[in-house]
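Trainee: Can we walk through this one together? I'd like to start with strands.
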Amino acid sequence: MTGLRHVAVAGASAAGLAAADALRREGFDGRLTLIGAEDALPYDRPPLSKQILSGQWEPERVLLRSPEALEALQADFVLGTAATALDVGARKLTLSDGSVLGYDGLVIATGVRPRALPAGDELAGVCVLRTLDDALALRERLRAGPALVVVGAGFLGAEAAAVARGLGLDVTLVDPLATPMVRQLGPRVGAVVARLHEDHGVRLRLNTGVASLRGSGGRVTGVLLTDGSTVDADLVLVAVGSVPATEWLVTSGLALTDGVDCDAYCRAADGVVAAGDVASWPHPRLGRRIRVEHRTNAGEQGMAAAKTLLGKGEPFAPVPYFWSDQYDAKIHVHGTVPPDADLRIVDGDPGDGRFTALYGSGGRSTGALGWNMPKQGRLLRRHVVEGTAWATAGVTG
Amino acid sequence: MKVIVDKDRCIASGQCVLAAAEVFDQDDDGIVEVLLENPAAAHYEDVRQAAAICPAAVIRLEEP
C-alpha cells in the first residue's frame, strides 16, 4: 500500500477521526496514531453551543464513537499531547511531551482556536467556547444567572445567545457589522436572524465594536463599545471567530497563507495531507482557495485526505453544508453565500418562520437555504450542483 | 447489514439521502427515515458513506 506503514494524524477531532476511519475502510492495515491536544476521546463540537450549553445533554453524548468502535479502529490514541513541530523532509513529528514520532504519512487536522480580543481576556468572567471543557465551564457560569454579553454575532455567538435566553438570562449581542450572521447568510436572512433574537428578548448592539472590557477587582463588569456606550456584564463570551492552529508548523516549511495551504487533493507536501478547519485548498468548481470551518466539511475532507495518502485521491469538490439551531429555528445552507450574493425566496415566508431560498452570484445559483424547511432546502441543492442560471433558478410559474 | 439510526440526534441535514437515496429519506421535519433496514449488498458502499458523512453521527451499522 504505497509504502505506507505508519500514518500519524495530528488532531483527534472530527476531521482526524474521519481520516482514520477512511484509511481503515480503504484497506490501510498499518500502524495508525492519533494525537490529540485535549484529554478527551474524540467528540463532536456542534452540540457544544447547543445541547451541552443548555444542559439538555450530558458530556457522554458528544463522543463521536463508542469505546467498541474506537477499539475496532486499531489505532493508538496519544491524548493530552499536542504536536509541536514537524520536519517534513525527515517525516518526523515532535510532541509536547518531548518525544519524536516518525511517520510515512501525516494527516494534519489540528483545527482552529478562538480568536481573542486585543485586551481584557485576563479578567475573570471573560470566556471563549471551543472545547468541551469550555462549554461545561460556561454552562456552570450561566447557572448563576449572570448578565451576559456575547461579543460577535456569527454562528457561535448567535447560538450561544439563543441558549442563554432560553435559560432566561439577560443577553446582549454585540457586533461591528449591521446584521448578525451576515457572512454566513447574507444581509436579508441575517435580518431574519436579528428579528428572531429581538423577538426572544436579546438586546442587539450592532454597528458597534468593543473598545475595551471594564473590570473591577480582576472581574469583568462591563463592555465599553466603540460608540461610547457601556453595557454592564457579569459574563462576557468572546465569539469573534477563530484562527487556524498552525503555530506548530511555522518552522516546517509548509505554506501557511490560510491555515495549511493544500492542493486540490488536500496535499500539503510529500506524504502530508490536511483536513478540516485548518486546511485550505483550491476548490475545483469554485475556482478559488477556500477554508471551511464546518462540521460536515471536517468529515468529508478527512475522507478525501485519507484517500490521497493512499494514492487514491481525487480533487476535493464538495458542496459545503452547514446548519444552525437557534430557538425554534433550524437553518440549513448548502453551497456558498458570496458577499455579493442575491437572494430569492422560493417557498414560504420569512415572516412565518418557514421558508426556502436560493443565493445567486455571477449569474449562477451558488447556495440553497432552508429555514425550518430542511428537506425542501436540500432539494434546492441541485441548483447549486448544476449551477443553474440565476435568472430562472427557483422561479415558478 | 443492519442500519440503525438515532432520530433524537438527527439534525436533518439530509446528507444520508444524498449518499444513499434508496436507503434513506427525510420526513416532513427533515428527520431521517430508513427505507431499507437491511439493504442489499449493492447498497453497502453508499450506506457506509452515509454513516461516515452524517454530521451528527446518527447512523450506526451492524455488519456481520
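Mentor: A definition to begin with: two strands pair if DSSP finds at least two bridges between them. Strands here are DSSP runs of E, at least two residues, and helices are runs of H or I, at least four, numbered from the N terminus. Also, this is a predicted model: local features need pLDDT of at least 70, side-chain atom pairs count only at pLDDT 80 or more, and totals for chains, interfaces and linings use all residues. Residues are numbered from 1 along each chain as its sequence is written, and chains are lettered from A in the order in which they are written.

Trainee: In which sense do β21 and β22 of chain A pair?
Mentor: Antiparallel, over 4 bridges. Strand β21 covers residues 279-283 and β22 covers residues 288-291.

Trainee: What stands opposite A:P282?
Mentor: A:R289, in β22(A).

Trainee: And how many residues sit between the two strands?
Mentor: There are 4, and the two strands form a hairpin. In the turn, A:G287 has a positive phi of about 70°.

Trainee: Zoom out. How many helices and strands does chain A have?
Mentor: Chain A has 9 helices and 27 strands.

Trainee: What about its radius of gyration?
Mentor: It is 22 Å for chain A. A compact globule of 397 residues would have one near 21 Å, so the value agrees. The radius is taken over C-alpha atoms, and the globule rule is 2.2 Å times the number of residues to the power 0.38. The C-alpha trace of chain A spans about 65 × 60 × 40 Å along its principal axes.

Trainee: How much of chain A is buried?
Mentor: 55% of its 397 residues. Buried means under 20% relative accessible area (1.4 Å probe, protein chains only).

Trainee: New topic. Which residues does UniProt list for "domain: FAD/NAD(P)-binding"?
Mentor: Residues 6-302 of chain A, from an unreviewed entry. UniProt annotations may be inferred rather than shown by experiment. That stretch, residues 6-302, is 24% helix and 31% strand.

Trainee: Where does UniProt put "domain: Reductase C-terminal"?
Mentor: At residues 321-389 of chain A, again in an unreviewed entry. Residues 321-389 are 17% helix and 54% strand. Their end C-alpha atoms are 21 Å apart.

Trainee: Last one. Which element gives the most to the lining of the second largest pocket?
Mentor: α1(A), with 7 residues. A pocket is an open set of points on a 1 Å grid over the protein atoms alone, where a 1.4 Å probe fits, with protein on both sides within 12 Å along at least five of seven lines; lining residues have an atom within 4 Å of a point. This pocket is lined by 35 residues, and A:R65 and B:I59 are among those nearest its centre.

Methods:
Side-chain values use heavy atoms; hydrogens and water are left out. Buried means under 20% relative accessible area, exposed over 50%, partly exposed in between (1.4 Å probe, protein chains only).
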